[in-house]
Amino acid sequence: VLDAAAGSIEPILLPHSPDGARVFDDLRGNKAFKLDLEACVALPDGRLVALGSGSSPRRERIVVLAAPVGLTGDSRLAMVDASDWYAEMRSHAEAQGAELNVEGAVIQGARLRVVQRGHGKRPTTHWNALLDFTLDDFLDWLDRRGATPRACALLEVRLGASRDGVPFGFTDAAVTQDGSLAFLACAEDSADVRSDGPVLGCRFGWIDPDDASVLVTDVLEPDRRPTMLKLEGLEARLEDPHAFDVVADMDRPEEPAVHAELRVDWSSEPA
């Protein structure tokens, strides 16, 4: 947890894997143990929830970090088996011939919106979608007071493909000041939802809250070349409606993630 004002970081350790590790990749041969926490959302009561991608049984867990009231360090952390909720989401993906791959989550009004990332390799179908759940139903289930949340709405989104024909898939989303949904999408040429591959383009877009129309544009580097960064984190800056924080996953264990500012310029295309 980063305290932006003080510049201090509080490390809170997740449970280690059966082999005792907390770092996972193909080079170590232990990637199957990875929780793959791909999405975070702050609840109204101050708790932070991190969602596994759901791309394997081990990734059907969520981590809940309690608000810092009388608790410190690892005592604030709870691991929740969410296999029943992931089964509900997976049923919608499989109905489309797709694999479940959760990449983002936001609270927009009275709904929790889960971002499903499409994958372009056959035999699965490339399916980008937003799965909506009533926030109260999700909170009741999380606190073990209610039944498994059921999707109350689905929105399929077409994002196009790169020049090489690799489809774009959602990688994160954030709610902006005006209530719109901003998102990132990457064209990653990977074999399946659990594998990494070269990124052939990245896009930024908006989904209008009223009519669900979609506006998409390529993300460019400062020199105006299309970026090949795998942008997987997005957060709106409250003080500037044209600026976002983005984080790139380099997919190389020896290379740290990149944090950058993404600016949206509506005066020209692409932005």
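Let me start with strands β15 and β16, which pair in the antiparallel sense over 5 bridges, where strands are DSSP runs of E with at least two residues, numbered from the N terminus, and where two strands pair if DSSP finds at least two bridges between them. One of the links here is between leucine 231 and its bridge partner in β16, alanine 248. Please keep in mind that this is a predicted model, in which local features need pLDDT of at least 70 and side-chain atom pairs count only at pLDDT 80 or more, while totals for chains, interfaces and linings use all residues. Residues are numbered from 1 along each chain as its sequence is written, and side-chain values use heavy atoms, with hydrogens and water left out.

These two strands belong to an open sheet of 3 strands, in the order β15-β16-β17 and with antiparallel pairing. The edge strands are β15, residues 231-236, and β17, each of which pairs on one side only. On average, neighbouring strands of this sheet are turned by 30 degrees against each other, with direction ignored, the axes being lines fitted to C-alpha atoms.

Within β16, which covers residues 243-248, we find valine 247. Is valine 247 buried, partly exposed or exposed? It counts as partly exposed, because its relative accessibility is 35%, and on this scale buried means under 20% relative accessible area, exposed over 50%, and partly exposed in between, with a 1.4 Å probe and protein chains only. Valine 247 and valine 258 are 11 residues apart in sequence, and their C-alpha atoms are 5.5 Å apart in space. If we leave aside neighbours within four places in sequence, the contacts of valine 247 include Leu231, Val258 and His259, a contact being heavy atoms within 4.5 Å.

The lining has 16 residues, of which Val219, Leu220, Glu221, Glu261 and Leu262 lie nearest the centre of the pocket. By type, the lining residues divide into 10 nonpolar, 1 polar and 5 charged. About 350 Å³ of space lies in this pocket. A pocket here is an open set of points on a 1 Å grid over the protein atoms alone, where a 1.4 Å probe fits, with protein on both sides within 12 Å along at least five of seven lines, and lining residues have an atom within 4 Å of a point.

Now to another residue, cysteine 186, which is found in strand β12, residues 181-188. Cysteine 186 is buried, with a relative accessible area of 1%. Not counting residues up to four places away in sequence, cysteine 186 touches, among others, Phe168, Cys202 and Leu231.

Strand β8, residues 111-116, pairs with β9 in the antiparallel sense over 6 bridges, and 4 bridges join β9 to the antiparallel strand β10, residues 153-156. Aspartate 132 of β9 stands opposite arginine 113, and aspartate 132 also stands opposite alanine 153 in β10.

Strand β5, residues 61-65, is likewise largely enclosed by the rest of the structure, because 4 of its 5 residues are buried. It pairs in the antiparallel sense with β4, residues 48-52, over 4 bridges, and with β6, residues 77-81, over 5 bridges.

Methods. Points joined across faces, edges and corners; volume = space filled by probe spheres on them. Nonpolar A, V, L, I, M, F, W, Y, C, P; charged D, E, K, R; others polar. Axes fitted to C-alpha atoms, helices over the stretch in contact; angles between N-to-C directions.
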